[in-house]
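Notes follow in the order I looked things up.

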Amino acid sequence: MTATRACLLLHGFTGGPYEVEPLADHLTTHGWTCALPTLPGHDKPLRELHRIPFGDWIRAAEAAVDALTRMYGAVDLVGFSMGGLIAAHLANRYPIRRLALLNAAVHYVSPVRFVRNALRVLREGDRRKLRLKKETPVGAVIEFAKLVRTLKPEFGRLAVPTFIAQGEQDEVVHPRSAFYIARRVKGWKTLAVYPHSRHLICLEPDAPMLFRHVERFFAEGRMP
C-alpha cells in the first residue's frame, strides 16, 4: 500500500472531466494522483444520452472509486453538480478520507435567475451552452431527475469531513442548495460561498481561491 494521496473527481450532468480538470491539475502539482472518469453517455453526442439509465452513472463512479481505493486506500473525493450527489453516495460506502462538494445539484435555479442567465448567454454569444441545451434529450433529463430523488437522502448520512462550495451567481443550481446540504451533513463540515462564480465554478474568476481552499482542506482538514 502506497502513501501517495489520491483523489477522484466527478463531473456534472451533460458535462465532462473538463469541468473539474483545472482543480485536478492544481491538486496534481501539490502531490495528489487524480482520476477523472467520464460517466457513461457523456463521451458521445448528448442526443444519445437518453439511452443511459441513471444507475449506470452511479455504477461507473463506484467502479472508479473501487479501483482507486484498492490501489491507494482511503482517498479524497470531489463531486461537481450531479457529481456531488454521486460523491455523497460513494462517501457513504467507500473509504473516503475527505469530501468536497462543488455546486452540488439539490435545488434548481429560480425562474428569475434562469431568465437572467439566458439573457446573459444570448448577450455573450455562448453558442456552446445553447447547443448543449438543445442537444440534451428529455429522456436524459428524466434520468437525471430520478438520480436526484434517489441520492438526495445521502447528504443526511454523510459522516466524513465535508467541504461545501457554492458559486453565488450559479445559474443552474440555486445557492440555497449548499445550505441545505450543510444542515444535513452529520460529520464535520465547512461551507464557502464564492461571490463571483457561476455554475462552472472551476472555470470562474474565484477558481484560484477555490483550489487553494480544497487543497488546504484535503491536506489539513481546514480552510486557509
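**Aromatic pairs**

I started with the rings and got six aromatic pairs in the structure. Rings of Phe, Tyr and Trp (its six-membered ring) pair if their centres lie within 6.5 Å; planes under 30 degrees apart count as stacked, over 60 as edge-to-face and the rest as tilted. I looked up Trp188 with Phe217: this pair is stacked, at 6.0 Å centre to centre and 15 degrees between the planes. Trp188 sits in the loop between helix 7 and strand 6, and Phe217 belongs to helix 8 (residues 207-220), so the pair ties together parts that are 29 residues apart in sequence. Helices (H or I, at least four residues) and strands (E, at least two) are DSSP runs, numbered from the N terminus.

Buried or exposed for Phe217? Phe217 is buried, at a relative accessible area of 0%, while Trp188 is partly exposed at 46%. My cut-offs there: buried is under 20% relative accessible area, exposed is over 50%, partly exposed is in between (1.4 Å probe, protein chains only). Ring pairs also link Trp32, Phe163, Trp188, Phe217 and Phe218 into a cluster.

**Ground rules and confidence**

Residues are numbered from 1 along each chain as its sequence is written, and side-chain values use heavy atoms, with hydrogens and water left out.

I checked pLDDT, the predictor's confidence in each residue from 0 to 100. The chain mean is 88, and 85% of the residues reach 70 or more. Residues 127-134 stay under 50, and the model has eight contacts for them beyond four places in sequence. Contact means heavy atoms within 4.5 Å. Where pLDDT is low, the predicted coordinates should not be read in detail.

**Overall layout**

I counted eight helices and six strands. From the N terminus they run β-α-β-α-β-α-β-α-α-α-β-α-β-α. Of the 224 residues in the chain, 54% are buried. Taking contacts between residues at least 6 apart in sequence, 74% join residues at least 24 apart.

**Cores**

Next I looked up nonpolar cores, meaning sets of buried Ala, Val, Leu, Ile, Met, Phe, Trp, Tyr and Cys residues joined through side-chain atoms within 4.5 Å. The largest has 46 residues, and those with the most contacts inside it are Trp57, Ile86, Leu147, Phe155, Leu158 and Ile181. Helix 2 gives the most to this core, with eight residues. Apart from it lies another core of 24 residues, among them Cys7, Ala24, Ile201 and Cys202.

Ile181 is one of the buried residues of helix 7 (residues 176-184). The buried residues of that helix pack against strand 4 (96-102), strand 5 (162-167) and strand 6 (189-194).

**His11**

Where is His11? I found it in the loop between strand 1 (5-10) and helix 1 (21-29). His11 is buried, with a relative accessible area of 1%. A polar atom of the His11 side chain lies 3.0 Å from the backbone nitrogen of Leu39. Gly83 is 72 residues from His11 in sequence, yet the two are 5.2 Å apart in space, C-alpha to C-alpha. Beyond four places in sequence, His11 also touches other residues, including Pro37, His42 and Phe80.

Conventions
This is a predicted model: local features need pLDDT of at least 70, side-chain atom pairs count only at pLDDT 80 or more; totals for chains, interfaces and linings use all residues. A polar contact is a pair of N or O atoms within 3.5 Å; within protein, one must be able to donate a hydrogen and the other to accept it, and residues adjacent in sequence count only if both atoms are side-chain atoms.
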